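Me: I'm new to reading protein models. Could you walk me through this one, a feature at a time?

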Amino acid sequence: MFTLPLLINEDIAVVDTALGEFVAVSGARLALFIDCGGFIVTQQGEAGELDTTTLGALAANNFAATQAIAKIIDDHPVTSLYQEGEEHSLLIVSVRDFGFLAIVFASELGVGSVKYFAQDTVARIGVQLVAAHTRAPDEGLDLATLNLADTGPLFRRRAAP
Amino acid sequence: MALINQATKEIQLKIVYYGPPQGGKTTNLEKVHAEVEAAPEAKGKLTSLATNSDRTLFFDFLPLETTVVRGYKTKFQLFTVPGQVIYNTTRQLVLRGVDGLVFVADSQYEKMEENVQTFANMIQNLETLNQNLINIPYVLQYNKRDLPNAAPAEYLDFLLNNRDIQVPSFSSSAVKGEGVFETLNMITRMLLHKLLTESGRKAA
């Protein structure tokens, strides 16, 4: 089963535009769209020295663990998570079943305003992914199948004629 | 680190199944959960935090209780780690407080490099946590022995069990349930032996 529908340039462009506009209007530092496996699909904003690869993986871990806790305590599935830091905070918002929006922002900004602006971005990304799914319902992506440790099959010497 | 609760007379030990991606770590726990002979209260729920394609995302967790040891109820917490490269930090988190390790190697010839790299990664992650493999009981499980391209166990021993101290190794086919309980029983025996030896030393 796939974690993402098959995405084409147009889909990524729409997501990039939504993220870019969100970063501009909200003042957030960085917005990442991550699939359920923690792989970054695309991002906008200023990553700087941040290890976004690990951030994405841990954000997905965190969300999965929190959902498991919600099940144990018989609560509804969680749709967002907020981590308050001294200088930077993190808001993770689920985008339907496709993945998450992970937003890094200065703590002084306040989670309320970031969450407010994120609602529209999440809706726009969700609509585009639904359209992508409708376009090719039997196709999809699972970024977790990319095993970065094994790059052997990527490039091979052509057999001699 | 083993947790000993004197008030409730409980010992908790954490065992982590480590290994390359899709090597059989989760399958081990699934087989234990499905087939272990235990009273309902002695076998907990298997919690799997995985992706839609059933790849471990964070960990799998299975709590098991065993018979009393010197008046103490012993609880084992079995964890698996995600095998993929991207989840290295996650593996460090799951390794915290580990008491024993099961390294699940994929016996297929083309997976040897991954086995060796993952084993080195395990040592590196332990060092990050200020732990040394020398001080942690571990066993090796050579999984997928049922596949036609499985390398000889002696070759896997040469690659992975060629250290100053050799550890027990087991051939397995986790998907068939072969070797799963033998592996688990050995690591629990090693852990209990270490615990009893250390507690005896402290009492003396």
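Me: Okay, so how do I judge the prediction? Which element of chain B has the lowest mean pLDDT, and which the highest?

Reply: The general idea is that where pLDDT is low, the predicted coordinates should not be read in detail. Chain B averages a pLDDT of 89, and 95% of the residues score at least 70. Among its elements, strand 1 (residues 3-5) of chain B is lowest with a mean of 77, while strand 7 (residues 138-143) of chain B is highest at 98. For the complex, the predictor gives an ipTM of 0.73 and a pTM of 0.85.

Me: Got it. Now strands: how does strand 5 of chain A pair with strand 6 of chain A?

Reply: To read pairing, look at the direction of the strands and follow the bridges. Strand 5 and strand 6 (residues 99-106) of chain A are antiparallel, with 8 bridges. Their hairpin has 3 residues between the strands, and Arg96(A) has a positive phi near 50° there. Strand 5 of chain A also pairs with strand 4 (residues 80-83) of chain A, again in the antiparallel sense, over 4 bridges. Those two form a hairpin with 4 residues between them.

Me: Why is strand 5 of chain A described as largely enclosed?

Reply: Because 6 of the 8 residues of strand 5 (residues 88-95) of chain A are buried, the rest of the structure largely encloses this strand. Across chain A, 38% of the 161 residues count as buried.

Me: And what sits in the largest nonpolar core?

Reply: In soluble globular proteins, nonpolar side chains tend to be buried together. Here the largest nonpolar core has 88 residues, and those with the most contacts inside it include Ile34(A), Phe100(A), Ile103(A) and Val16(B). Helix 3 (residues 111-135) of chain A gives the largest share, 7 residues.

Me: Last one: how many residues does each chain bring to the contact?

Reply: Chain A brings 22 residues and chain B brings 17. On chain A's side, 13 are nonpolar, 7 polar and 2 charged.

Note on methods
Residues numbered from 1 in each chain as written. Chains lettered and ligands numbered in written order. Predicted model: local features only at pLDDT ≥ 70, side-chain atom pairs only at ≥ 80, totals over all residues. Contact = placed C-beta atoms within 7 Å. Nonpolar A, V, L, I, M, F, W, Y, C, P; charged D, E, K, R; others polar. Core = buried A, V, L, I, M, F, W, Y, C linked by C-beta atoms within 7 Å. Buried ≥ 20, exposed ≤ 12 C-beta atoms within 10 Å, placed from the backbone. pLDDT = per-residue confidence, 0-100. Pairing = 2+ DSSP bridges.
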